[in-house]
Amino acid sequence: MFEEHGKPREEVLGRLDQLLEADATYSSGHPVASMSTIPHSLGAEVFAKTLEKNAGRLHTFRGSAQVEQEVLEMIGGLLNLDTQPFGTTTSGGTESNILAILAFRELARRKTKKPEIIAPKTAHSSIDKAGWLLGVKVVRTRIDKEYRGVPRGIEKKINENTVGIVLTAGTTYLGQIDPIEKVAEIALDHKIPLHVDAAFGGFVIPFLKDIGRGRHRFAFEVEGVTSVSVDPHKMGLAPIPAGAILFRNHKYVKRITNTVPYLRGASSTQVSILGTRPAASILATWAIMKHLGREGYRDVVRECMDHTDHIMKRIKHNPMLRAAIEPVMNIVGIESREVPLDTVVERMEKRGWRMATSPLPPTMRIVVMPHVTKGSINAFFNDLDDISTTIPA
Ligand SMILES: Cc1ncc(COP(=O)(O)O)c(C=O)c1O
């Protein structure tokens with residue numbers, strides 16, 4: 001109820017604290033399946049002191065405009081873009097994917113009135129949301145035994161209405177990477193743009209090679225990749241909302257730029273879907289990236305991967321459990337071999353765990369974010385071991 005008279009601050013804050021007791025807290029090591037984490041303290045500091053800044057008004061906030069440009073340049077460097085970055089910061093992976101598909105559709109306006117995009121079954125649900133919003137049919141294609149898109153399956157679905165292909169570098173369900181190089185060749189052959197959704201993987205994959213965990217060409221180093229999205233508010237440790245999408249070429253950005261007639265200068269055009277939007281998370285992203293440098297992120301990824309190894313040990317130790325794939329990055333999908341997955345998950349929730357499940361394959365998911373400690377992993381598996389051995393199959 002919105003009351004006539006206001007209440008004292010202490011009373012309001014006290015009530016808010018009470019309500020928020022129902023939230024999970026990252027500091028407790030829960031939740032185990034969230035893709036965001038405790039923002040880096042420097043980012044939190046910058047965010048808190050820049051709350052009023054509006055990235056929808058870059059003519060007014062010219063310093064913020066400069067910082068946004070520098071963030072895009074740093075992310076361009078992370079994604080091996082050797083030209084200036086064309087793109088925008090966004091509110092996250094969903095907005096970035098919508099923008100990519102909007103650009104595909106707009107570029108193909110003369111080609112078709114019935115636009116279609118192709119994406120493997122494992123692409124994030126925001127691709128369906130984008131298709132729904134933009135009137136673009138989403139053609140989902142088969143995956144292989146390791147839950148990666150199949151190049152031949154994608155090529156077979158290309159027709160005169162195809163306006164783009166979407167692949168994922170770090171799938172939501174298993175952290176898997178689609179065969180980007182092979183599909184990029186197909187995309188080039190057919191002159192179709194290819195978007196890589198690296199919302200999660202963008203701040204992980206570039207560091208895996210440095211720590212001896214696999215080399216993957218997934219971004220602009222692959223000819224044929226036309227756009228890549230990355231979320232600083234996931235493994236970039238930035239406060240929510242912080243996403244970004246970069247395009248190889250300005251022609252895509254031009255097609256998704258809209259005019260704001262009542263604003264001037266840099267504010268008079270917008271690329272993002274949102275109008276008014278926080279500059280605070282962009283400024284925080286800038287500060288964290290400058291402060292940590294590549295070496296800082298490498299250390300974060302190293303620790304998350306060490307914890308992922310520990311999870312794999314605990315899974316192997318329990319004959320009732322199995323990992324769906326050998327993890328490529330810090331996401332683990334766990335199958336229940338005998339007891340129905342839903343039963344295990346319900347019992348875990350009764351013990352206070354906030355669980356997440358994926359449909360493909362049916363698994364419970366752990367996203368091994370920096371707040372997921374060895375202690376919380378052990379507590380989780382102690383409960384899981386207990387539950388999976390006490391429920392009759
Ligand atoms: C691969 C991938 N893409 C896009 C998204 C959507 O990101 P957001 O929730 O920030 O919009 C997610 C979220 O989990 C994701 O895993």
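Colleague: So helices here are DSSP runs of H or I with at least four residues, strands are runs of E with at least two, and both are numbered from the N terminus. Which strand is Thr363 in?

Modeller: Thr363 is in strand E13, residues 362-367. Keep in mind that this is a predicted model.

Colleague: Is Thr363 buried or exposed?

Modeller: Thr363 counts as buried, because 22 C-beta neighbours lie inside 10 Å and the cut-off for buried is 20 or more.

Colleague: What does it touch, leaving out residues up to four places away in sequence?

Modeller: Thr363 touches Ala324, Gly333, Ile334, Glu335, Thr357 and Ser358. As for Leu341, it is 22 residues from Thr363 along the chain, and their C-alpha atoms are separated by 7.1 Å.

Colleague: Zooming out, how many helices and strands are there in the protein chain?

Modeller: The protein chain has 12 helices and 13 strands. Its radius of gyration is 22 Å, close to the 21 Å that the globule rule gives for 393 residues, so the chain is as compact as a globular protein of that length. Along the principal axes, the C-alpha trace spans about 65 × 65 × 45 Å.

Colleague: And what share of the residues is buried?

Modeller: Of the 393 residues, 48% count as buried. On contacts, take those with a separation of 6 or more: residues 24 or more positions apart account for 73% of them.

Colleague: Now the ligand. Which residues come nearest to it?

Modeller: There are 15 residues around the ligand, and Gly92, Gly93, Thr94, Thr172 and Ala199 come nearest. Helix H4, residues 93-107, gives the most to that shell, with 3 residues.

Colleague: What is the shell made of, by class?

Modeller: It has 10 polar, 3 nonpolar and 2 charged residues.

Colleague: Which of its residues are buried?

Modeller: Ile377, Phe380, Phe381, Leu384, Ile387 and Ser388. They are on the same side of H12, because they cover an arc of only 130 degrees around the axis. The face turned away from that buried side carries the exposed residues Gly375, Asn382, Thr389 and Thr390.

Colleague: What covers the buried residues?

Modeller: The cover includes H10, strand E10 (321-323), strand E11 (331-336) and helix H11 (341-350).

Colleague: Since H10 came up, where does Asp299 sit, and how exposed is it?

Modeller: Asp299 lies in helix H10, residues 280-317. It is partly exposed, with 14 other C-beta atoms within 10 Å. Asp299 and Ile211 are 88 residues apart in sequence but 9.0 Å apart in space, C-alpha to C-alpha.

Colleague: Last one, H3. What should it span, at 1.5 Å a residue?

Modeller: Helix H3, residues 62-78, has 17 residues and should span 24 Å; its end C-alpha atoms are 25 Å apart, which agrees.

Colleague: What do its buried residues pack against?

Modeller: The buried ones are Ser64, Val67, Glu68, Val71, Leu72, Ile75, Gly76 and Leu78. They pack against strand E1 (86-90), helix H8 (205-208), strand E6 (225-230), strand E7 (243-247) and H10.

Colleague: And which residue with a positive phi follows H3?

Modeller: Asn80, with phi near 60 degrees.

Note on methods:
Residues numbered from 1 in each chain as written. Predicted model: local features only at pLDDT ≥ 70, side-chain atom pairs only at ≥ 80, totals over all residues. Near = placed C-beta within 6 Å. Nonpolar A, V, L, I, M, F, W, Y, C, P; charged D, E, K, R; others polar. Buried ≥ 20, exposed ≤ 12 C-beta atoms within 10 Å, placed from the backbone. Arc of directions from axis to C-beta. Contact = placed C-beta atoms within 7 Å. Rg over C-alpha atoms; globule rule 2.2 N^0.38 Å. Expected span 1.5 Å × (residues − 1).
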